[in-house]
Amino acid sequence: MNFERIREKLNILADAAKYDVSCSSSGSKRTNTNKGLGDSSGMGICHSYTEDGRCVSLLKILLTNHCIFDCAYCVTRRSNDIKRAAFKIQEVVDLTINFYRRNYIEGLFLSSGIFKNADYTMERLIAVAKKLRQEENFNGYIHLKSIPGASDELMYEAGLYADRLSVNIEIPTVSGLKLLAPDKKHEDFTKPMLKVKNELIRFKNERKIIKSTPKYAPAGQSTQMIVGATGETDKDIMYSATHFYKNFNMKRVYYSGYVPVADDSRLPSIGSQVPMLRENRLYQTDWLLRFYGFAVNEILNNDHPNLDVDVDPKLSWALRNMQHFPVDVNKADKRMLARIPGLGLKSVQKIVNARKFRKLNWDHLKKIGVALNRAKYFMICDSRNWESRDLDAEKIKGMILQHSAGKFRNQYSTQLSLFN
Amino acid sequence: MQNSKTLLYDGSFNGFLTAVFVAFEEKLDVVDIQRNSKGQSGLFSETETVFTNVEKAKRVWNGIRNKSNNAISQVYFAFLSEEEGVELTLYTYIRKLMATRNAKQTDYSDGTVLRISKLARSVGREKHRMEAFVRFQLTKDNIYFANIEPDFDVLPLISKHFRSRYADQQWLIYDVKRKYGIFYNLDYVEMVSLNLNEIHFNKIHKSNAFLNQEYDYQTLWNDYFKSSNIKSRINRKLHTQHVPKRYWKYLSEKKETA
């Protein structure tokens, strides 16, 4: 292998692929039965973390950064003057195998710029996955990007070798897409998604009758949206995320704060701050929807089209709905416990278990790990000193903010700092 | 009144379970259970050395497992934390478990139960970290070799993971701190101890135990690690939170900074 050439390509193509945030390697079932290489069963593993704090779990590269499209938000757009490179299929296979054997990665995340046309590109991606599975006996995780506009036959084949498939919708609104990526059509994105969804359903049904039905994308499909590139509200983003969860059986929707990569009048200029706090709030909302039993219109609606910056979405919901509180932790059902700000699902489970033995008081709750600084205003327990003052939402919010420190506080606080 | 006793065992998990068995069988008033090597006798208690007996250990193991599968793994994990005094906490835990009819292991309002579950969690976390942070280097005799220095004795816990993952390559993971390792010879995993004259952490100096190609891959990995970083999102605090500094010296991607 020509080391220097590979090294150069890897630098270019890894650099171009890093804006894809998805890096999960969990949820697949591919046990190593053939004494081959790799085993991806159940949990994912983050093998390292980059200095921006993001997980490195897969070898995330583009097959090539040549692209026929000119999407304004994308670093590999046609009109951008950057170095271009392309991997050979065998080179990607070798890199993956050798990284995997050294326990650097969980598998491969392969994406690509679109060269010639969608199908031609998709075929190349599939060829890599096929080679890994069939020739190298590789049972590790493979995440393939579905190229917008790829044909149904190819999407079917891709699912046979990949663990997860994803299409990045990137722009949450159709109007935004028209503005920033005029060559792409909304249907191009949804078509492969729909095919994958239908195949997943078909697999599930056939599996019931024929146990040996070949696996189809066992870790499901995911998508990604850029946040803060066009003027969309949090409501727009979360409603379209809900749409994808519901109608396309998505495993995950990722939100990616827009990192300015181009001087374009349609976009935030280079050097403007990445909206990390907003991204964080969107993920919190996503979790509330998927695990905490919230409906999206409870958190975001026409009266509240954007999430609060200074408090998390659950607390903000609670402050708007004080009529549900205080909740008695020794009696309330799980659903209501999960809605108390400061209580995570792990704490809820522990409380439900522990209260079978005795009534819980502040001391127990503290030891279990409940964030009492927030939770204490919203619950009562087996203790006499709960919050008995008649506080309104504004006061509670003020007291919580006063007694806590947020890592993003300096971004929105009006308080000038004495140093720095 | 019966004399209170300190039990000494050989440091193995089976040894500990035997000690628990003895304590139950002879209805001892146990003051402490200690490792032979760390034995420290109390002023008002007698010491008794317990000899490991696999049969007895198995009975305790089965007894706990019959109560709950979760409990037995909690006990094993917490034991591997090697924390000082964990044996006595475990003994109290097992007694409580046996004395209660319903799932005592989920009573998180009980101090002992919570303590054991927290210990088991941190050992579990370390196990998971080791599954992530082991970095194999290919030696000239075709063995994938890694040094580790985990906080807890997690080698017995990670062996299955690596065995099923790297079924077609020989590998050796060596715990530098506890001076033993596990070696997979393509058939099964065995425990080994080595006379390492050199600990292979990620220094820039190349050792001749490894192939040149090995260093090429380390360079590629190092490059990859750097190119996947987004500079405008830098967050070093989060980075060190996820990859604590004590692990850096064995991570090839942290080569220059260690």
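The model is a predicted one.

**Entry 1: the two chains**

I looked up where chain A meets chain B. I found 43 residues of chain A in contact with 40 residues of chain B. I then asked which elements give two or more residues to the side of chain A that touches chain B. They are α1 (3–17), β3 (48–49), α2, α12 (345–354) and α13 (362–368) of chain A. The largest share, 7 residues, comes from α1(A). I sorted this side of chain A by class and noted 18 nonpolar, 12 polar and 13 charged residues.

**Entry 2: the sheet in chain A**

I traced an open sheet of 6 strands in chain A, in the order β5-β6-β7-β8-β9-β10, with parallel pairing. Which strands are at the edge? I noted β5 (58–62) and β10 (252–257) of chain A, each of which pairs on one side only. On average, neighbouring strands of the sheet are turned by 20° against each other, with direction ignored.

I looked at one pair inside the sheet. Strand β7 (residues 141–145) of chain A runs parallel to strand β8 (residues 164–166) of chain A, and 3 bridges join them. In one of the places I checked, Lys145(A) has Ser166(A) in β8(A) as its bridge partner.

**Entry 3: helices on the sheet**

I found α3(A) packed on the sheet, where it touches β6 (107–111) and β7 of chain A. The direction of α3(A) makes about 170° with that of β7(A). Helix α7 (residues 234–247) of chain A lies across β9 (221–227) and β10 of chain A, and runs at about 155° to β10(A).

**Entry 4: α2 against α3 in chain A**

I looked up how helix α2 (residues 89–101) of chain A packs with helix α3 (residues 118–134) of chain A, and found an angle of about 45° and axes 9 Å apart. The two helices α2(A) and α3(A) are therefore oblique to each other. The crossing of α2(A) past α3(A) is right-handed. On the α2(A) side I listed Ile89(A), Val92(A), Val93(A) and Thr96(A). On the α3(A) side I listed Arg124(A), Ala127(A), Val128(A), Lys131(A) and Leu132(A). By class, this contact has 6 nonpolar, 1 polar and 2 charged residues.

**Entry 5: domains of chain B**

The domain assignment of chain B gives domain 1 (4–125) and domain 2 (134–254). I noted that the C-alpha centres of these two domains of chain B lie 33 Å apart. Their contact takes 4 residues from domain 1 of chain B and 4 residues from domain 2 of chain B. The domain 1 side of chain B has 2 nonpolar, 1 polar and 1 charged residues where it touches domain 2 of chain B.

Notes. Residues numbered from 1 in each chain as written. Chains lettered and ligands numbered in written order. Predicted model: local features only at pLDDT ≥ 70, side-chain atom pairs only at ≥ 80, totals over all residues. Domains from an automatic or database assignment. Contact = placed C-beta atoms within 7 Å. Nonpolar A, V, L, I, M, F, W, Y, C, P; charged D, E, K, R; others polar. Axes fitted to C-alpha atoms, helices over the stretch in contact; angles between N-to-C directions. Helix = DSSP H or I, 4+ residues; strand = E, 2+ residues; numbered from the N terminus. Parallel < 35°, antiparallel > 145°, perpendicular 65-115°, else oblique. Left-handed = near helix turned anticlockwise from the far one by under 90°. Pairing = 2+ DSSP bridges.
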